[in-house]
Amino acid sequence: MSDHTLLHIDGNLVRVKAGSSVAAALHVAGGTGVARISVTGQPRAPFCGMGVCQECRVLIDGRHRLACQTVCAEGMRVETSE
């Protein structure tokens, strides 16, 4: 078992520690952790870390998921609305 996982975030290859959440990978990928842009144009990022706030919604392999509740998998494709 590898100690790292490779996934794609907005088309960029990102390497994270195995077992990391997608929310953590967003932070590693861009430093800001922004998952989406609100209807008013504000950047939104994980807030609660337990799936209640819904601020970390992203597309993961074509399905809407919560970044804070999803563990990274090899080859996963994540799309934010940045």
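I began with Gln 54, which is partly exposed at a relative accessible area of 32%; here buried means under 20% relative accessible area, exposed over 50% and partly exposed in between, with a 1.4 Å probe and protein chains only. I noted that the model is predicted, that local features need pLDDT of at least 70 and side-chain atom pairs pLDDT 80 or more, and that totals for chains, interfaces and linings use all residues. Residues are numbered from 1 along each chain as its sequence is written, and side-chain values use heavy atoms, with hydrogens and water left out.

**Backbone at two loop residues**

Gln 54 sits in the loop between strand 4 (43-44) and strand 5, and its phi is near 65°, a positive value in a residue other than glycine. Most residues other than glycine have a negative phi. Asp 10 counts as partly exposed, at 36% relative accessibility.

**Overall fold**

I listed one helix and seven strands in the protein, taking helices (H or I, at least four residues) and strands (E, at least two) as DSSP runs numbered from the N terminus. Along the sequence the pattern reads β-β-α-β-β-β-β-β. The radius of gyration is 12 Å, close to the 12 Å that the globule rule gives for 82 residues, so the protein is as compact as a globular protein of that length; this radius is taken over C-alpha atoms, and the rule is 2.2 Å times the number of residues to the power 0.38. I also wrote down that 34% of the 82 residues count as buried.

**The core**

Which residues touch the most other members of the largest nonpolar core? Of its 18 residues, they are Leu 7, Ile 9, Val 22, Leu 26, Val 58, Ala 67 and Val 78, where a nonpolar core is a set of buried Ala, Val, Leu, Ile, Met, Phe, Trp, Tyr and Cys residues joined through side-chain atoms within 4.5 Å. Strand 1 (4-9), strand 2 (12-17), helix 1 (22-30) and strand 5 (57-60) each supply at least two residues of this core, and helix 1 gives the most, with four. Leaving aside neighbours within four places in sequence, I found Leu 7 in contact (heavy atoms within 4.5 Å) with residues including Leu 13, Val 16, Ala 25, Cys 72, Met 76 and Val 78.
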